Amino acid sequence: MDLISNFRNERAEKRMERVQFKIGGMSCSFCVETIRRALTRMEGVKEVHVSLAHEEALIEYDASKIRPEQLEDTLTAVGYTVQDPEKVRTFEEEEAEIERERDRLIIAGSLTGMALLLMLLMWLGRMFPHIEWITLALAFVTVFIVGWPILKMAWGSLRRGILNQHVLLEFAAFAGLSGGLLGLFFRDFPSPDFFGVAVFVTTYHILSQYTSLFVRTRASQAVRKLLSLQPATARVIRDGQEQDVPIDEVKTGDWIRVRPGAQIPVDGEVIEGQSAVNESFVTGEPLPKDKSKGDEVIGGSINQTGTLVVRATKIGKESFLQQVARHIQEARALKPSIIQIVDRVLVYFVPGVLTFAGLAVLIWILGAWIVMGQPDVIRAIYAALAVLVMGYPCALGMATPLAMIRGGGEAALKGILMRTGEAFQVFKDVKKVVLDKTGTITLGKPQVADVIPLDGGTPESILELAASAERPSEHPLAQAVVERAEAKGLKLRETREFKAVAGSGVDAQVDGKNVLIGNLRFLKQEGISINAAEEKARSLQAQAKTVIGISENGKLIGLLSITDAIKEDAADAIRQMREAGLTPVMITGDNDSTARSVARQVGVEEVHAQVLPQDKAAKVRELQHGGVRVAMVGDGINDAPALMQADVGVAIGAGTDIAIESSDVILVGEHLSGFIDAYHIARQSFRKTVQNLALAFSFNGIGVPLATTGWVHPVWAMIAMAASVSAVLLNSFGGRLLPKATKRKMTEMAEKEDVEKLDFIVPSIHCEGCVQVLRDALSRLPSVSEVEGKPKEKHLTVAVKRSSVTREEIAAEISRLGHVLE
C-alpha cells in the first residue's frame, strides 16, 4: 500500500500535460533548434518537438511548475509569434503574410541595389560624392529598420545564451558597420565595402526567410486542398425549421438536408431520400455510389442526383477529414535521423564560426606581431568579417527541410500522406514490398466474373433468373449476383417460397418454376446432373473463381463464377515495382490455389498463403532477416501488426482505422499505384536532402577556414554565401520527383496518325487525385488511349482513337463522374 501511495503522490506532484503552439517567423533548422533550446532550459519542461514544415511546437511540461503562458512568453521573447493551432489561418491570411514579407524584401532589395551600384562606381574609380555617408545611411536603414525583426530575434536569443543564425547574422552586420565606421576615420578601411556587407547579409537573410515562408505556405496549402472539401455551413433541420449553421455548431444527431450538387457537410447516416453520391476523393472509385436509407455517407463527398436527409454521426475531430488532418499533424513533430544529426551539428556550428572569427583576429594581430614584428589590424578585421559572412548558416539550415517540404506537398497533391519523416529516409533502402491480397491487390468485394449458359439460354436470361432467386438472400455472393443483374438493367422476377440452405445455396420458386442455386456439390445432392459442367467448373476454379450452378425444374442450365476482382491498376503497379528494383511478395490468409492464381495475374512470384493474422508480422520479420528493408501495404485489422513491424507501413486509405494508425504512409483511396508514387517521391526527396547537405557543408566547410587567411574579401565571401543558399534552393525545387513515363507515353501516342488529343478545362479538378480518378474511369473506354491532367491549370487532355468518339461523348462521361466543364 505504501508503494501505491508513493506512486500516487508522485503522479499528483508531477502533473504532466501537453500544449501545442502554432509558431510564426521560423525559416530554417536553426530556428527549430533555437526554440527547442529556449524551452528545454525552462524548469518543468520535459520534452519539446518542433516542426519547421508546419511551424508547430508540441511541448510536454509539468503543470505544477510552469504554465502555458510562460512558455508562450518565452517564444515571444526570442522573436517568434504564437497562435492557437486550432485556429487555422485562412488562405487570405497566409497570402497577406507573404505580401508583407515580399514588401520587406523589395525594400531591402532596393537598398541593396543602390549600395551595389555605389560600390561598382567606387571599384571603377568613379567616386561618388559622400559615398561613405550614403552607404552608411543604406546600411543603417537595412539593419535597424527593415531588418528590425531579425535584430529583435537575435537579441532575444543572445540574452538566453543561444547562438543561432540570427545572432551570427547580426555579428556579421555589426562587424560590417564597425569596419565602415572605422573607415570614416582611417582610410585603410573602404567604408562602402564594409557598409555594403552589412546591407547584403541582412537582405539575403530576409530573402531566405521569404523563400522559406513561401515554400512552406504553398506546401501547406497543397495539403489543405486535399482537406478543404468540407463545406463551411450545413443546412440543419431543427424543430421542423431549416437553417444554415456554421459547421462547428453541428451536433451529433442533427438532421441535415443535402440538396443535389451540394457537398455533404458531415459524416452521417441517410435517414431519408435516395441519391448517387460521388465519394471518389475517399475511395478512388470513379462511379458514384447509390445511397438510400440506412447507408453511410462521408463528409466532403458530393451529392449528385436526389435530395438526402442525413443524421450526423461523426463531427469535429471524429470525422473522416479531421482524422486525415490529425494523421498529418501527428507526423509533424517526428524527424528522421538525418535531420536529427544535422540538428546536433547546428548546436556547435555557430560557436565554431565565432571561434574561427576570433582565431582569425588572433592570427593577424598576435601571430603577425610574433612573426613580422607588428600586428596587421586591417587584415584581422577583414578576415574576421569574411569568416562571419562565409559562415552564415542559412544554406545548412535550409538544406534538410526544404526537399522534404516539397516532397510532402507533392505527395499530398497525389493523395499520399507521408505521416512520418522516417518514411522519407527508409524508403530508399526498401528491397521487398509485402502486399496483402484482399483489399490491396483485389477490391475485397465479390463480383460476378462469368455467366455461362449450358442449355441454349443467353447469359442475360441465366443472370436474370439467378438474381431473381437470390434477391431475398443476404449472403455476399447472392448480393454480388443481384448487383450484376441490376448493373445490366435486367428486370428481376417475383420470387416465392425462398429457402436458404446454410453453406450450400438457395431453393426458390420463380414464376412458378423451381430454381436451385448453389455449389455443384449441393446440386448433385439434390439430384441434379452436373456432368456437363464439371470440366468447365474445374477450369474456373483453377483461376481462383467460385463456381455456382443454376438449375431450373431439375435441369442444370448455367454456371456463374464469382471472384474478388483484381484492382485495375494492380498489375501495372506491381510491374513498376519490379522496374524500380523492388521485389513484390504476397502474404494472405486465403488458400494456396486462390493466392497463386491472383499472383500469376498481377505478376507476383513469391507467395505466402494461409498465413494467420497473428503470423503476418512474424513473416515480415523473416523477410527482414539479414537487414533487408521491407515495406508492407495493407488495409485490414489483421494487417496492423505487420504494418508496424515493416520498415515502412503503407495503408490503403479506404482500410480500417487501426491499419491507418499503424502506418507511416497513407494512400487516400484504393489505388495500389499510389505506392510507387510514394516510393519515388520519398526516394528523390531524400536524395535531394543529402545533396543539399553536401552543398551546404562544402561551402561552409571550405569557405570558413579559407576566410581565416585574410585573403578573402568580405564582398566575395558574401557572393559565395549567396551562391550556397541559391544552390540549395535550386536543387530542392529543381527537377522532377516522379518519372516522366506517363508524359512520354502520351507524347508517343499523340504522334501516331490514328490518335488525336482532346483538351478540356475542368474547374472542379483539385489535385492529382482527381486526375487519377478521371484517368481510371476514362481509360476504361475502348476509344481512349491516355489521359493527362494539370490540376493547377484545371486542364485535362484525353488521347483518343481518331474518329472513334466525339468530344461531346467524352465531356458527357466527365460530367457523369461529377465534374464541371467550362
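Q: Where does Thr 135 sit?
A: Thr 135 has its place in helix α5, where helices are DSSP runs of H or I with at least four residues, strands are DSSP runs of E with at least two, and both are numbered from the N terminus. This is a predicted model, in which local features need pLDDT of at least 70 and side-chain atom pairs count only at pLDDT 80 or more, while totals for chains, interfaces and linings use all residues. Residues are numbered from 1 along each chain as its sequence is written, and side-chain values use heavy atoms, with hydrogens and water left out.

Q: Is Thr 135 buried or exposed?
A: Thr 135 counts as buried because its relative accessibility is 1%; buried means under 20% relative accessible area, exposed means over 50%, and partly exposed lies in between, with a 1.4 Å probe and protein chains only.

Q: And what is Thr 135 in contact with?
A: Leaving aside neighbours within four places in sequence, Thr 135 is in contact with Leu 118, Pro 192 and Phe 195, contact meaning heavy atoms within 4.5 Å.

Q: How do α5 and α6 lie relative to each other?
A: The axes of α5 (residues 131-146) and α6 (residues 148-159) come within 5 Å and cross at roughly 60°. Axes here are lines fitted to C-alpha atoms, for helices over the stretch in contact, and angles run from 0 to 180 degrees between N-to-C directions. The two helices are therefore oblique to each other, since angles under 35 degrees count as roughly parallel, over 145 as roughly antiparallel, 65 to 115 as roughly perpendicular and the rest as oblique.

Q: Which residues make that contact?
A: From α5 they are Val 143, Phe 144, Ile 145 and Val 146, and from α6 they are Trp 148, Pro 149 and Leu 151. By class, the contact has seven nonpolar residues, no polar and no charged ones, where Ala, Val, Leu, Ile, Met, Phe, Trp, Tyr, Cys and Pro count as nonpolar, Asp, Glu, Lys and Arg as charged, and the others, Gly among them, as polar.

Q: What about Ile 150, what does that residue touch?
A: Ile 150 is in helix α6 and counts as buried, at 1% relative accessibility. Not counting residues up to four places away in sequence, Ile 150 touches Arg 104, His 166, Leu 169, Glu 170, Thr 202, His 205, Ile 206 and Gln 209. The C-alpha atoms of Ile 150 and Gly 79 are separated by 7.9 Å, although these residues are 71 apart along the chain.

Q: You mentioned Arg 104; which side chain does Arg 104 meet in a salt bridge?
A: That of Glu 101, with an N to O distance of 3.1 Å; a salt bridge is a side-chain nitrogen of Lys or Arg within 4 Å of a carboxyl oxygen of Asp or Glu. Both residues lie in helix α4 (residues 91-123), three residues apart, about one turn of the helix, and both Glu 101 and Arg 104 are buried.

Q: How many salt bridges are there by this rule?
A: The count comes to 18. Among them is the one between Arg 238 and Asp 254, whose closest N and O atoms are 2.7 Å apart. Arg 238 lies in strand β5 (residues 233-238) and Asp 254 in the loop between β6 (241-246) and β7 (255-258), so the pair ties together parts that are 16 residues apart in sequence. Arg 238 is partly exposed, with a relative accessible area of 25%, whereas Asp 254 counts as buried at 11%.

Q: Changing topic, what is the strand order in the open sheet of three strands?
A: The order is β10-β9-β12, with antiparallel pairing, and two strands pair if DSSP finds at least two bridges between them. The edge strands are β10 (289-291) and β12 (302-303), each pairing on one side only.

Q: How many bridges join β9 to β10?
A: Three bridges join β9 (residues 275-278) to β10, and the two strands run antiparallel. Val 277 has Lys 289 in β10 as its bridge partner.

Q: And how many helices and strands are in the chain?
A: The chain has 29 helices and 29 strands, and 51% of its 822 residues count as buried.
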